[in-house]
Amino acid sequence: MTQIAQEDVVESIAGALQHVSHHHPPDFVQALRRAHEAETHPPARAALMQLLVNSRLSATHRRPLCQDTGVAQVFARVGMGVRFMRRDGAPLRSLQALADEATRRAYTEPANPLRATMVGDPLGRRANTRDNTPAIVQAELVDGDTLELLVVAKGGGGDVKARFATLNPSDSVADWVLAQLPGMGAGWCPPGIVGIGIGGSPEQAMLLAKLSLFEPIDIDLLRARGAADAAEALRLELHTRINALGIGAQGLGGLSTVLDVKVRTAPCHAATIPVALVPNCAATRYLRLTLDGRGAAPIPWPSPAAWDGIPDRFEAEGAVRVDLDRLDAATVASWRAGQTLLLSGRVLTARDAAHKRLVDLLARGEALPVDLRGRTVYYVGPVDAVPGEAVGPAGPTTATRMDKFVEPLLSRTGLLAMIGKAERGAQAIDSIRRHGAAYLSATGGAAYLLSRSIRSARVVAFEDLGMEAIHEFELADFPVTVDVDARGRCVRRIVPA
């Protein structure tokens, strides 16, 4: 019988959540390197380099890789020979309570505060819980006398793209997966890992897909030795066919949409094939720990050599510098889809909640709290700053969620440009074209790198919204790609209806 102190469980989970906020797994860094070396499409190659530079900077400075610091997810394998105890003699608590305490501790750490994302009531006020609790906990009783923990910080961009279907036994799983990818767009910040769960019941298939994401990247080794079974053959087929779609890094086109494809299977009913798809993004964050009764699990720090040779700044070749404080319609009209810009000057931020308030004010004929004429809006919810920072990691959120607000803002406020990540829908692109505006994409998953181009930040409206309040940032050489230009031309190959 192994006695494990519950205090050690909390310390281990909290330490893991802090660690994964700023450290990619080394195999993921190596996979990004290979993708960058092979890439020939300039916008995708630039995005991959930004991800690599961001990874190095985050690991060095121990600040979040992405402003979406994720939902805390804990997968526990509890050995039947484990007995929990408390050093302070207090009553034992549930694994859920322990994970929540660890999450609260990790996400409010003063040296590296993480963004609170969880809302407590999904259908009502959707008030932020302010400490990212509750964690999502999955527990399994297994043979043995240790406690194995898989600690994950999973961003919304990946999980929101999850898919599920129950296929007929004669259907092609590969064809179904390929049919999902275009509709998923690039909000999950490719390149990443795609996990496929096959079999079991619907909820079991989803769990299989999620868990498959946290296995080592080994597609090159698999390709070299060849498939040994049907699941491995499916991995190879999907890896080739998905990358052949040309979605590419950040959806900008190119060779690498997925770095690996993982497949887990389970027995299922003879009349069905339950299939689930869950992607992991360019901010892949997880850590495995084992507690054996000898204290908190040590954090396995990777060697700094994993980032050797990666520069500590992004050099934008052939970029055009833009002064946002002097931006006018003629300048916007001169931009071309696929062009790299370096933005300096003042930009306003706004996400979903702020957009809704702005459009509601317009509908009621009331004055807006900020003047949008001639301005640029950045879709971002930053992490809190620490001393020495103007703002914490501040990468873009998915632009598609703001599509329904594009027409009223462009037609009634004089807004000239928007910055986000991933694609715009056809109606939003049409509005951009008709009003001579532009949509610029920043690299999702490069939040710390992007924050270093922000010289100052202040809240100017809707302070009660927390990270969704409207800020004014002062930028200096902030890198973006012209995603949709004033003529409505789009750099992307796939644009959802």
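Me: In E5, what is the bridge partner of Ala 76?
Reply: Leu 149. This is a predicted model: local features need pLDDT of at least 70, side-chain atom pairs count only at pLDDT 80 or more, and totals for chains, interfaces and linings use all residues. Residues are numbered from 1 along each chain as its sequence is written, and side-chain values use heavy atoms, with hydrogens and water left out.

Me: How many bridges join E2 to E5?
Reply: Eight, between E2 (residues 71–79) and E5 (residues 147–154), which run antiparallel. Strands here are DSSP runs of E, at least two residues, and helices are runs of H or I, at least four, numbered from the N terminus. Pairing takes at least two DSSP bridges between two strands.

Me: What is the strand order in that open sheet?
Reply: E4-E2-E5-E10, with mixed pairing. E4 (136–142) and E10 (286–291) are the edge strands, each pairing on one side only.

Me: Which strands does helix H1 lie across?
Reply: H1 (residues 6–22) lies across E2, E5 and E10, at about 160 degrees to E10. Angles run from 0 to 180 degrees between N-to-C directions, with axes fitted to C-alpha atoms, for helices over the stretch in contact. Contact means heavy atoms within 4.5 Å.

Me: New topic. E17: how many of its residues are buried?
Reply: Twelve of 15, in residues 470–484. Buried is under 20% relative accessible area (1.4 Å probe, protein chains only).

Me: Which residue stands opposite Leu 475?
Reply: Gly 345. E12 (residues 340–349) pairs with E17 in the antiparallel sense over eight bridges.

Me: And what about Glu 472 in E17?
Reply: Arg 458 stands opposite Glu 472. Six bridges join E16 (residues 454–461) to E17, also antiparallel.

Terms used. Buried means under 20% relative accessible area, exposed over 50%, partly exposed in between (1.4 Å probe, protein chains only).
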